Amino acid sequence: MVEHGDVRVVHRGGSKINFREPVISHDSRLLICAAGENLKVFSTSTEECIHHLQGHTDLVTGVVLNPSNHLQVYSCSEDGTIRLWDFTDGILIKTFDVGHPILSIHASAKHVGVLFLVIPMSTNISVLHQLVALHLPHSGEQLVDAREFSSLLTEVFPDPKAIAFGRGGEYIASANNYKLEVYFFRKQQSYTFFLSQHEINGANNLLTCLSCHPKEDCIATGHADGKIRFWRNFNHKKEYTYSTQHWHHGAVKALCFTPEGTNLLSGGTESVLVQWRYGQEHERDFLPRLGSTITHITVSPDGALFCTSHADNKITIIQNCVKVSAIIQGLVQGESLKTELMLDPRTKALVLNGKPGHLQFYSLQRDKQLYNLDIVQQEFIHEVGLEQFTLVKAAFDSRGDWLATVEERQLKDAELEMNLKLWAYDQETQSFVLNTTVTAPHDDRIMDMCFSPSTSGQATMLVTASQDGHFKAWQLMEAEPTNDEGPSWSCDFVGAYHGLVPKCCCFSADGSLLAVSFQEVVTMWSPASWELLTTLSQPPGAIRNLCFGRLSCSKYLLGTTSQNLCCWNLLTCSLEWSTSLDVNLLLADPLSENVAAFSGAAKSADLFVFKPNEPRPLFSQKDVCWGKLMRAIFVPREEMLESCEEKTQWLNHSQLYFLTSRMDLLTFLTKTEEDRLMSSSKQLTIDESVAMTPFHVLLGKHHKQQQEGGNALSGVSSERTLLPPGSVTIKELLHTPAHVLPPTSVLCSLFVNSLLISVSDKRGETEPTEEEMESEKEEGDSEEEMDPSASRQEAAASSLEVQGQVLTKAEQRELRRVKTVDYGWLSHFLDSQA
């Protein structure tokens with residue numbers, strides 16, 4: 001997290017959940033995976049994210065279950081720490097400071113108190129990696145220095161898929177390039193086995209992954225040529241043997257034995273999970289059409305669930321290789337993020353490139369993908385070097401009624417194929433339906449496109465700018481009464497300027513002006529008459545971005561080059577101001593005058609927020625993220641903030657989200673807003689779908705009392721404002737992890753005692769009125785007529801004490817009333833049931 005005064009950069013979603021192999025809990029109910037600098041805990045049945053485990057300050061590179069406690073996991077990170085978590089309750093238990101960046105982590109039940117790490121090993125020639133054993137120190141402190149290493153293997157591959165324990169932890173195997181290395185713990189000796197580095201008949205023997213049989217001396221290795229080799233008799237360096245199986249046509253990306261060793265699972269670019277029967281490898285089972293390349297395979301400790309990670313940032317949960325039971329879909333990172341970061345005006349979802357040929361709609365509030373929209377509408381074939389249609393541009397109109405997309409394909413020695421598609425929103429299907437397809441809308445690639453603002457009296461218009469030297473205006477034409485096909489789109493105007501190539505285009509906030517940049521020149525057009533109004537000049541350099549000011553700054557136009565940020569006054573048609581700044585992204589807040597400009601190198605980015613009427617920035621911050629900044633967008637708030645500080649006022653109307661190369665979705669929050677979100681997330685909320693049990697009702701009363709400021713319960717004086725004494729006990733029961741609570745027999749008595757109402761504050765009550773005394777006397781007379789022993793019961797009740805305190809008159813009357821209730825009907829009912 002980056003901190004700058006009262007404004008902070010916080011992680012709000014996204015991240016790669018397929019970066020490392022996830023782990024499944026022993027009861028198969030939860031799945032834990034690395035997600036950027038955090039860990040995410042998902043439910044395997046509902047697909048919902050239950051916990052965000054935050055604590056690491058750099059990329060998390062591995063997750064492994066604690067062999068000594070099945071409710072805990074270890075995580076490692078490039079920040080040089082190992083953290084122990086209680087993943088069921090989302091609690092950080094302990095942090096071990098290793099002092100070196102950690103690239104992967106491994107654990108075995110046979111080696112208690114020892115973790116196996118892959119860390120860099122610096123040499124004079126290059127940076128290599130080594131496998132070391134870390135002995136965890138015993139300490140009661142939460143932050144512990146752990147520096148006791150012992151090196152096992154050198155020159156290992158850092159990917160966790162290339163390292164595995166065998167035969168219950170008796171040895172550990174490592175695959176690197178063309179060699180397999182096995183370290184035996186009992187002998188404290190390692191053996192190395194080589195494969196031929198030469199390609200035979202086009203084959204490539206490079207090792208890509210491995211898995212060890214849990215009970216026998218057998219190691220399965222996957223190779224780049226699609227083959228799987230089973231290694232045996234490797235206890236001696238010169239007597240090893242291996243057999244080869246081949247089904248995959250591409251590289252084997254993942255291998256995993258089941259817990260009993262009866263089957264071996266493999267996956268690759270074919271998107272097919274293959275199940276090999278151990279000892280009968282010619283018998284195979286297949287689960288096809290899993291969507292994209294399989295990168296990791298995990299099996300639950302009980303063998304009930306299989307889990308596959310995919311290249312499109314997806315985790316698929318499978319029941320015994322038979323059927324897919326759940327899909328956890330993260331923010332998809334396509335082959336290249338070519339579209340801008342957009343906001344769907346209807347669903348308020350983030351929209352960008354998804355899987356090949358699709359647009360993904362991603363919920364910012366739930367950090368979850370809503371759905372995919374198939375734009376290309378062609379089956380994608382996973383084959384290297386095969387040119388297929390790709391989605392390169394997309395844009396929404398201001399109301400969300402129309403969506404424009406551009407797809408293209410460039411074949412070798414062939415002309416560019418390109419389609420412009422206009423999609424209309426359908427209320428019945430709650431999705432977009434293809435309305436118009438324009439084949440070859442331009443003679444060359446489309447560089448930019450934008451919709452005109454939807455204002456009253458103006459027709460919806462789309463402008464596209466192309467490398468062919470022209471920009472085109474596409475008009476929505478209403479259908480004729482005799483035509484049942486509905487409205488469609490057609491070209492209304494074609495513009496050019498001295499044979500130059502247009503790069504950017506944008507409309508003013510009211511739609512009365514269109515700005516189109518032709519290399520170094522900015523042209524201003526009137527969409528009503530398509531008249532060229534004026535041209536604007538600037539310091540030398542091709543225009544990268546154009547942006548109109550908003551509200552009180554609508555008379556300004558901003559533009560960027562590789563060296564300058566310029567601001568023109570449209571009333572005087574002159575350059576208002578300019579500054580030397582290499583701006584990569586320029587965007588305006590739709591609800592205020594603020595403009596954000598991102599500048600920086602490939603590994604960091606600087607942010608400047610300003611108003612066009614003055615060059616002095618309202619807010620600036622260096623290194624707002626780690627990694628390359630990809631895209632950014634202003635998202636309007638549902639409720640406006642009321643911050644009065646100058647450095648935070650720019651966050652009042654909208655939030656600024658930006659996406660990094662790691663697919664981390666970040667945003668800016670004020671300190672008070674972040675604290676409020678953190679406190680609200682920790683508060684206990686009652687799910688309305690939960691059955692109305694007595695405990696649920698009791699808990700609801702306590703929350704209602706807290707909201708009403710401690711109003712009295714029925715039968716208790718309204719002057720008392722203190723909460724019931726049981727509320728503290730209930731809170732402790734709900735917030736304490738279940739596995740550390742005392743036995744239920746102990747808790748029951750404590751819980752019941754906590755519900756008894758203290759009456760110490762009743763001693764100062766006023767004496768009952770004459771009417772109450774008369775009614776009390778009448779009740780006593782009637783009770784004596786019903787039961788001769790009532791007077792004795794009343795005397796006993798008057799002296800009854802609760803925790804050493806005498807009952808009040810009101811409570812004595814209530815006790816007498818309960819005793820007079822006839823429950824005889826219950827005994828008759830029980831006799832009839834018997």
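This is a predicted model: local features need pLDDT of at least 70, side-chain atom pairs count only at pLDDT 80 or more; totals for chains, interfaces and linings use all residues.
Residues are numbered from 1 along each chain as its sequence is written, and side-chain values use heavy atoms, without hydrogens or water. Local features need pLDDT of at least 70, and side-chain atom pairs count only at pLDDT 80 or more, while totals for chains, interfaces and linings use all residues.

Trainee: Why is strand β20 called largely enclosed?

Mentor: Buried means under 20% relative accessible area, exposed over 50%, partly exposed in between (1.4 Å probe, protein chains only). In β20 (residues 207-212), 5 of the 6 residues are buried, so the rest of the structure largely encloses this strand. Strands are DSSP runs of E, at least two residues, numbered from the N terminus.

Trainee: What makes β20 and β21 a pair?

Mentor: Two strands pair if DSSP finds at least two bridges between them. Here 5 bridges join β20 to β21 (residues 219-223), and the two run antiparallel. C212 has I219 as its bridge partner in β21. The two strands form a hairpin, with 6 residues between them.

Trainee: Why do β32 and β35 count as edges?

Mentor: The open sheet has 4 strands in the order β32-β33-β34-β35, paired antiparallel. β32 (342-343) and β35 (368-374) each have a single partner strand, so one side of each lacks a neighbour in the sheet.

Trainee: What makes the set around F598 a nonpolar core?

Mentor: Such a core is a set of buried Ala, Val, Leu, Ile, Met, Phe, Trp, Tyr and Cys residues, joined through side-chain atoms within 4.5 Å. The largest has 21 residues; F598, L607 and W650 are among those with the most contacts inside it. Its largest share, 3 residues, comes from β56.
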